[in-house]
Amino acid sequence: MALSKSTNLYNRQNWEDSEFPILCQTCLGENPYVRMMKERFGKECKVCFRPFTVFRWCPGQKSRYKKTEICQTCSKMKNVCQTCLLDLEYGLPVQVRDTGMGVAEEMPTSNVNREYFAQNIQSKVAESDSSRPYGDLGKAAPPSDVMMKLARSSPYYQRNRPHICSFWVKGECKRGEECPYRHELPTNPEDPLAHQNIRDRYHGVNDPVAEKMLKRARALPQLEPPDDATVTTLYVGSLPNSVTEKVLRDNFYQFGEIRGISVVPRQNCAFLTYASRDEAERAAEATFNKLIINGSRVKILWGKSKSGNAPSSSSRKPIDLAPVDGLPMPIPPPPGLSAPPSSEEGVAGAGTQKKGKPVHYPSQDPLRMGSR
């Protein structure tokens, strides 16, 4: 191989020799006093195939030993961890991050072009600002709202657990509690998460973990505006007790003119009315599941239609019901009032009995009272 340890001195000068790896907090572990083993030019990078300095360490108790998989040059190009290849800032796969930020960076795949590209990138990375990601990633637009929802805000140490003991699965493990591997049954071998390729994960293509997260992002709830175009009121719930009208106005005035704010302290909610529908839709889209006031995430919903838009009871048409035999006539009015309508003009549901006939209720029938 052209990049093996027996190559000429020119290629050896481009080999990477580092003092400390580039790791995420999850891979580094919860133990602040970690002991690492360092091996200069111990393995080849899984992406550019150049020898680099390999680090190996144990993140903590009941965790497996981990080691760096790619060189620091490839790590800085994508701003990913050298071990898990997840984004250092958001903890997301490269495919999810590039989709959320609209980044598309092509890299050569042939051996000659890959070696030349890696050597040029190494010199440019050394001259660039190390506090910001390199290349198009450092110039990309801010992350989308969906990406911020999927981002991991705390380390996930469960990822450092040992692998499953294959001898225990076959019933042949004799170590017992001293076995450094997990004694659990494996997941479904047909699961696509069980077949991951480290190069596909780095380049952001055909990553089953990323596809699962993007599918979950498409299923996130969305706030749909009501059909009634006259609704310009937003419901703001789950408010802290200390929220006042001024605090709400400071958070919502940027989206448009606010006609009125009604705060209901007993229910920890408020109603905001905008001057136009476009302003209300812009505020709802920008604050739904995103707005945090005094450390609490508030709930944003659309207000209901006004009662004036609903049809009144006087404008509704009466329902024609068929008369039922055995029901009494309408009760006569008190003396001094107008007479009730006749049986022909009676209310719906009145019987057609003649005047003077004794009133008979169905409940007076002894056969219907369980006398038998």
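## The Glu-69 and Lys-46 contact

In this predicted model, Glu-69 and Lys-46 form a salt bridge, with 2.9 Å between the closest N and O atoms. Glu-69 sits in the loop between strand E3 (66–67) and H3, while Lys-46 sits in the loop between strand E1 (36–44) and strand E2 (51–57), so the contact ties together parts that are 23 residues apart in sequence.

The two partners fall into separate accessibility classes. Glu-69 has 16% relative accessibility and counts as buried, because the cut-off for that class is under 20%. Lys-46, at 34% relative accessibility, counts as partly exposed. The pair also belongs to a network of salt bridges that links Lys-46, Lys-67 and Glu-69.

## Salt bridges of Arg-97

The structure has 10 salt bridges by the rule applied here. Among them is one between the side chains of Arg-97 and Asp-87, at 2.7 Å from N to O. This pair links distant parts of the chain, 10 residues apart: Arg-97 is in helix H4 (residues 94–101), and Asp-87 is in the loop between H3 and H4. Arg-97 and Asp-87 are both buried.

Arg-97 also forms a salt bridge with Asp-98, where the closest N and O atoms are 3.2 Å apart. Asp-98 is buried, as is Arg-97.

## The cavity

How many cavities of 30 Å³ or more does a search of the whole structure find? The search returns 1. The largest cavity holds about 70 Å³ of space.

Its lining consists of Val-47, Cys-48, Arg-50, Thr-73, Cys-74, Met-77, Met-107, Pro-108, Arg-114, Phe-117 and Ala-118. Helix H3 (72–78) and helix H5 (111–127) each contribute at least two residues to this lining. Sorted by class, the lining has 8 nonpolar residues, 1 polar residue and 2 charged residues.

## Strands E4 and E9

Strand E4 (residues 233–237) and strand E9 run antiparallel and are joined by 4 bridges.

Which residues of strand E9 (residues 299–302) make up its covered face, and which its uncovered one? Ile-300 and Trp-302 form the covered face. Lys-299 and Leu-301 form the uncovered face.

Key. Residues are numbered from 1 along each chain as its sequence is written. This is a predicted model: local features need pLDDT of at least 70, side-chain atom pairs count only at pLDDT 80 or more; totals for chains, interfaces and linings use all residues. Side-chain values use heavy atoms; hydrogens and water are left out. On a 1 Å grid over the protein atoms alone, a cavity is a set of points where a 1.4 Å probe fits but cannot get out, and a pocket is an open set with protein on both sides within 12 Å along at least five of seven lines; lining residues have an atom within 4 Å of a point. Grid points are joined across faces, edges and corners, and a volume is the space filled by probe spheres set on the points. Ala, Val, Leu, Ile, Met, Phe, Trp, Tyr, Cys and Pro count as nonpolar, Asp, Glu, Lys and Arg as charged, and the others, Gly among them, as polar. Buried means under 20% relative accessible area, exposed over 50%, partly exposed in between (1.4 Å probe, protein chains only). Two strands pair if DSSP finds at least two bridges between them. A salt bridge is a side-chain nitrogen of Lys or Arg within 4 Å of a carboxyl oxygen of Asp or Glu.
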